[in-house]
Amino acid sequence: GFVGSHLVDLLRGEQVDVFGMVLPGTTVGAGAGITEIAADMNDADAAKRVIEEVAPDRIVHLAGQPSVHHSWAEPGETLRTNVLGLVHLLDAARERGLRPAVLVVGSAEEYGLVDPSETPLPETTPLRPNSPYAVSKVAQAALAQLYGPAGGMKIVAVRTFPHTGPGRGAAFAESSFARQIAEIEAGLRPPTLMVGNLEAVRDYTDVRDVVRAYWALLGTGEAGAAYNVCRGRGWSIRELLDMLLALSSVRVEVRVDPERLRPSDIPVLVGDPSKLRAATGWEPRIPLERTLADLLDDWRRRIAPASSPRLDDTR
């Protein structure tokens, strides 16, 4: 997936053997030094097979249904995939007697509806999930608390705030904006940019900085603890849109699409990364302006084949 591919890029420079799970019938073409194994985390037997084959020392659990919006449409699927997928993985390791270090990747959505006066949010903030996706992530962290001591595994949980960069899926606001801008530039759509709620404030970090934090926490994070992964400052979605538009020469009409509005959106979500810094020394290296520029350039490359002139257009 999106984050997994960037983690693979980071680990190419580490002297480790890397295995990546992919859904049966698919391939991500991760490249040299990476072994892809076809398995569905919803299948307990498949999870056992992978754990037996690899016998991992470290596991970064990134698989799951990642969309808040989709979780409202398919709450059962979201809970089944995110919660049971982790159960299958941890059961497989425990039953084989392995004691890997495990990173369970949660979300800032676990904090739910917070008052802006509470931000930046420390990890001690009460969890008030307000979407099926957020509930699934709270459940994952609770399971990690159970399985760690029971299986003798070092399990570290993270609550990752919004993160983006090259390869981000178009279902997410800033990536949808970048895709639409690239398509308008290429003449593939009219100059109307569809948006959802632009007033929400989010704490964005570059995905390449996020995966550095994940790898560091597997080494020096405390077993059973949860860590915010974030920058510590917020931007409105409108500010992100303005930054992206400033990177392009196109002029667009911005129009609100009711289908892009969430049933319950969190107005402000900004985290406190001080616990992460204390544990690992981590600091974000990539400014948001560069992140968004790289995201837009990535979408320009992705849509380029579709914008190539057809034979009958060259006459």
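The paragraphs below lead through a sheet, the nonpolar cores and the salt bridges of this structure.

The model is a predicted one, in which local features need pLDDT of at least 70 and side-chain atom pairs count only at pLDDT 80 or more, while totals for chains, interfaces and linings use all residues. Residues are numbered from 1 along each chain as its sequence is written, and side-chain values use heavy atoms, with hydrogens and water left out.

Helices (H or I, at least four residues) and strands (E, at least two) are DSSP runs, numbered from the N terminus, and two strands pair if DSSP finds at least two bridges between them. Strand 3 and strand 4 (residues 101-107) are joined in the parallel sense over four bridges, and isoleucine 59 stands opposite valine 102 in strand 4.

The next topic is the nonpolar interior. In soluble globular proteins, nonpolar side chains tend to be buried together. A nonpolar core is here a set of buried Ala, Val, Leu, Ile, Met, Phe, Trp, Tyr and Cys residues joined through side-chain atoms within 4.5 Å, where buried means under 20% relative accessible area, exposed over 50%, and partly exposed in between (1.4 Å probe, protein chains only). The largest core has 25 residues, of which Val3, Leu103, Val158, Tyr214, Leu217, Val229 and Leu276 touch the most other members. Two or more residues each come from helix 1 (2-11), strand 4, strand 5, helix 7 (207-220) and strand 10, and helix 7 gives the most, with eight residues. Tyrosine 214 touches Val3, Leu62, Leu103, Val105, Val158, Thr160 and Val229, when residues up to four places away in sequence are not counted. Another core, of 23 residues, lies apart from the largest one and has among its members Ala178, Val195, Leu288 and Leu296.

Charged side chains remain to be considered. A salt bridge is a side-chain nitrogen of Lys or Arg within 4 Å of a carboxyl oxygen of Asp or Glu, and a search of the whole structure finds 19 of them. Arginine 208 forms one with aspartate 206, their closest N and O atoms being 2.8 Å apart; arginine 208 is partly exposed, with a relative accessible area of 23%, whereas aspartate 206 counts as buried at 0% relative accessibility. These residues belong to a network of salt bridges that links Asp206, Arg208, Arg290 and Asp294.

Helix 10 (residues 288-307) holds both arginine 300 and aspartate 297, which are three residues apart, about one turn of the helix, and form a salt bridge with closest N and O atoms 2.8 Å apart. Aspartate 298 and arginine 302 also meet in a salt bridge (2.9 Å, N to O), and because they are four residues apart in helix 10, about one helical turn separates them. Aspartate 298 counts as buried at 11% relative accessibility, whereas arginine 302, at 36%, counts as partly exposed.

Definitions and conventions. Contact = heavy atoms within 4.5 Å.
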